[in-house]
Amino acid sequence: MTTATAPTTAPRRHEPVVSGPSLARLTGVELRKLADTRAGRWLLVTIGLIAAAIVVVQLFVVEPEDQSFTAFFTPSLLPVGLLLPVLGILSITGEWSQRTALTTFALVPRRQRVIVAKLAAVVLAALGSVLVSLVVAAVGTLAARATGGAGAWTFDWQLLPYAAVFQVANVLMGAGFGLLLLNTPLAIVTYLLLPTVWSVLSAMITALREPAGWLDTSLTMEPLLGPDVTAGQWGRLGVSLAVWMVLPLAAGLLRTLRREVS
Amino acid sequence: MIEVDHLTKRYGPHTAVEDVTFRCETGTVTGFLGPNGAGKSTTMRMICGMTPPSSGGATVAGRPYRELPNPGREIGVLLDASAQHAGRTGRETLTLAARTMGVDRGQVAAKLDLVGLNDTAARRRVGAYSLGMRQRLGLALALLGDPRVLILDEPANGLDPEGIFWMRGLLRDFADRGGTVLLSSHLLREVEAVADRLVVIGGGTVVAQGGKDELLAGAGTLVRARDQHALRLTLDRAALPATAGADGGFVVRAEPGEVGQAAADAGLVLTELRPAGAGGLEQLFLTLTAGASTKEAVR
């Protein structure tokens with residue numbers, strides 16, 4: 001089919017040669033969906049604003065001689081990491097709460113492709129958020145220099161992949177919860193309550209303290225914010241993510257594939 | 001072309017759709033008729049791969065829907081006009097679909113224009129749309145990939161009379177150019193004007209199907225007598241299945257000759273005796289809403 005081209009004025013194509021949308025195309029569509037509603041846009045803007053706000057706070061509370069690039073970068077990761085799961089959840093559950101799944105799956109009936117594209121889109125968003133953190137840290141460093149702080153450009157480059165893993169894990173955990181529960185408020189509340197439940201339970205029940213070190217993601221992900229992660233810490237992180245990210249994603253994918261859309 | 005082959009859907013003990021079989025030929029408009037809850041939407045969702053059937057199957061353009069690589073380019077689907085993100089604009093809704101299908105962006109404006117959504121409407125968020133506007137947007141979405149098959153669930157819902165008239169013309173034209181249309185409705189009159197074939201569903205099963213003219217012709221006999229009570233008894237005695245019409249007469253599933261003979265034998269004076277036509281189909285349709293006993297009445 002290189003030479004035969006249908007005249008564009010033909011009312012209909014009798015022999016349509018149509019290939020399915022590529023994953024890259026679908027990811028592009030899903031990225032667009034993250035930002036094309038007022039709610040979605042504000043969530044993205046809020047993530048950026050919070051990262052910026054943290055830097056401003058650092059300018060005031062951190063001793064001037066300690067105001068370095070790293071000192072601005074690392075603290076901005078935490079609040080962003082709290083909102084990214086919400087982005088992950090909304091990107092999945094929005095299709096069901098707004099019932100757009102009916103259109104989405106009519107155009108792409110192989111639902112797993114839509115899910116993979118959605119996961120790719122939120123991972124890209126998470127990586128983008130790390131870039132935002134870098135930018136606001138750079139602006140903060142410049143501001144620190146202007147206001148009499150040290151403003152040292154010291155940065156341990158190890159922090160960058162750690163930050164990426166941290167944010168990607170956050171957003172994918174959210175997406176996993178969304179995929180499994182397919183209900184926005186339920187997924188958000190469950191996700192946000194989980195760490196609290198862990199800390200309350202492990203405070204009350206001593207037997208839970210050891211497993212918490214392997215399963216409580218708020219503990220296992222903490223080392224990612226420091227300069228070094230030991231092999232043991234990677235192990236704990238892997239176990240906790242297998243339970244709270246891989247398992248919900250896998251079970252949620254199965255559920256989404258089988259679920260009736262109406 | 002759409003082929004529906006023994007589709008059945010059970011929800012626990014409840015059977016929503018039972019053994020539904022029909023075909024929609026190229027170049028025709030098929031009206032899928034039935035009262036609310038008859039199983040129309042469930043059947044259409046099964047055709048489009050949204051609902052897994054308990055048994056049976058369906059193909060569109062020769063393949064099960066889920067196996068179509070880019071279905072939007074072959075089949076335009078409108079299952080529920082309200083199922084759109086309230087926060088997106090009409091144009092954005094179409095743009096997302098155009099990107100997914102790989103359709104030229106110019107088509108978005110062209111299709112919006114085709115369904116009569118102007119620039120102002122296209123820029124508004126779908127949440128602010130009336131049901132009629134959502135139907136038009138849904139139709140634009142279905143037509144966006146220039147498909148050869150249209151599957152539309154209650155597309156006339158919420159449209160004003162002018163809009164319904166416009167849609168009929170659009171669907172007729174689509175079929176006349178070699179397209180296939182399956183559209184559902186719970187209003188016979190709405191479908192009658194545009195459909196070539198009718199599939200009537202009640203209580204999850206197909207109770208009648210065929211060419212529109214043939215169905216309307218075979219819709220029984222309308223009979224009226226001075227003594228309605230005596231007529232009822234006579235018809236019952238002659239074992240002619242009759243249902244009481246809304247305005248006093250009876251619709252009988254038999255030829256006018258048979259009914260006339262029965263009346264003559266009983267010495268009844270008839271005031272009206274004629275093929276029921278559309279009224280008969282409507283009667284059949286009304287009785288469908290009465291419940292499961294209808295199936296017997298029809299056969």
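This is a predicted model: local features need pLDDT of at least 70, side-chain atom pairs count only at pLDDT 80 or more; totals for chains, interfaces and linings use all residues.
Helices, in the sense used here, are DSSP runs of H or I at least four residues in length, numbered from the N terminus. The secondary structure of chain A comprises ten helices and zero strands. Followed along the sequence, the pattern of chain A is therefore simple to write down, α-α-α-α-α-α-α-α-α-α. The C-alpha trace of chain A spans about 75 × 50 × 35 Å along its principal axes. Among the 262 residues of chain A, 40% count as buried. When contacts with a separation of 6 or more are considered, 80% of those in chain A link residues 24 or more positions apart.

The crossing of α5(A) and α6(A) is right-handed. On the α5(A) side, the residues that meet α6(A) include A:I115, A:L119, A:V122, A:V123 and A:V130. Their counterparts in α6(A) include A:A164, A:V168, A:V171, A:L172 and A:L179. By class, the residues of this contact between α5(A) and α6(A) are 15 nonpolar, four polar and one charged.

Buried residues account for 51% of the 299 residues in chain B. Of the contacts in chain B with a separation of 6 or more, 70% are between residues 24 or more positions apart. Chain B is divided into domain 1, covering 2-215, and domain 2, covering 216-298. The centres of domain 1 and domain 2 of chain B, taken over C-alpha atoms, are separated by 35 Å.

An open sheet of four strands can be traced in chain B, in the order β11-β12-β10-β13 with antiparallel pairing. The edges of this sheet are taken by β11 (242-244) and β13 (270-275) of chain B; each has a single partner strand, so one side of each is left without a neighbour in the sheet. On average, neighbouring strands of the sheet are turned by 20° against each other, direction ignored. Strand β10 (residues 221-225) of chain B pairs with β13(B) in the antiparallel sense over five bridges. Within this pairing, B:L222 has B:R274 in β13(B) as its bridge partner.

Helices also pack on this sheet. Helix α9 (residues 228-237) of chain B touches β10, β11 and β12 (250-252) of chain B, and the direction of α9 makes about 135° with that of β10(B). Helix α10 (residues 256-266) of chain B lies across β10, β12 and β13 of chain B, and α10 runs at about 160° to β13(B).

B:D146 has a positive phi of about 45° although it is not a glycine. This residue, B:D146, is found in the loop between α5 (131-143) and β6 (149-152) of chain B. B:D146 counts as partly exposed because it has 19 C-beta neighbours inside 10 Å, whereas a buried residue needs 20 or more. B:E154 also has a positive phi, near 50°, in a residue other than glycine. B:E154 lies in the loop between β6 and α6 (161-176) of chain B. With 22 other C-beta atoms within 10 Å, B:E154 is buried. In helix α6 of chain B sits B:L170, which counts as partly exposed because 18 C-beta neighbours lie inside 10 Å. B:L170 and B:A140 are 30 residues apart in sequence, and their C-alpha atoms are 11 Å apart in space.

Finally, the two chains meet. In this contact, 35 residues of chain B touch 31 residues of chain A. On the chain B side, the largest share, six residues, comes from helix α2 (residues 90-101) of chain B. Sorted by class, the side of chain B that touches chain A has 14 nonpolar, ten polar and eleven charged residues.

Note on methods
Residues are numbered from 1 along each chain as its sequence is written. Chains are lettered from A and ligands numbered from 1 in the order in which they are written. A crossing is left-handed if the near helix is turned anticlockwise from the far one by less than a right angle, and right-handed if clockwise. Helices (H or I, at least four residues) and strands (E, at least two) are DSSP runs, numbered from the N terminus. Two residues are in contact if their C-beta atoms, placed from the backbone, lie within 7 Å. Ala, Val, Leu, Ile, Met, Phe, Trp, Tyr, Cys and Pro count as nonpolar, Asp, Glu, Lys and Arg as charged, and the others, Gly among them, as polar. Domain bounds come from an automatic or database domain assignment. A residue is buried if 20 or more other C-beta atoms lie within 10 Å of its own, exposed if 12 or fewer, and partly exposed in between; C-beta atoms are placed from the backbone. Two strands pair if DSSP finds at least two bridges between them. Axes are lines fitted to C-alpha atoms, for helices over the stretch in contact, and angles run from 0 to 180 degrees between N-to-C directions.
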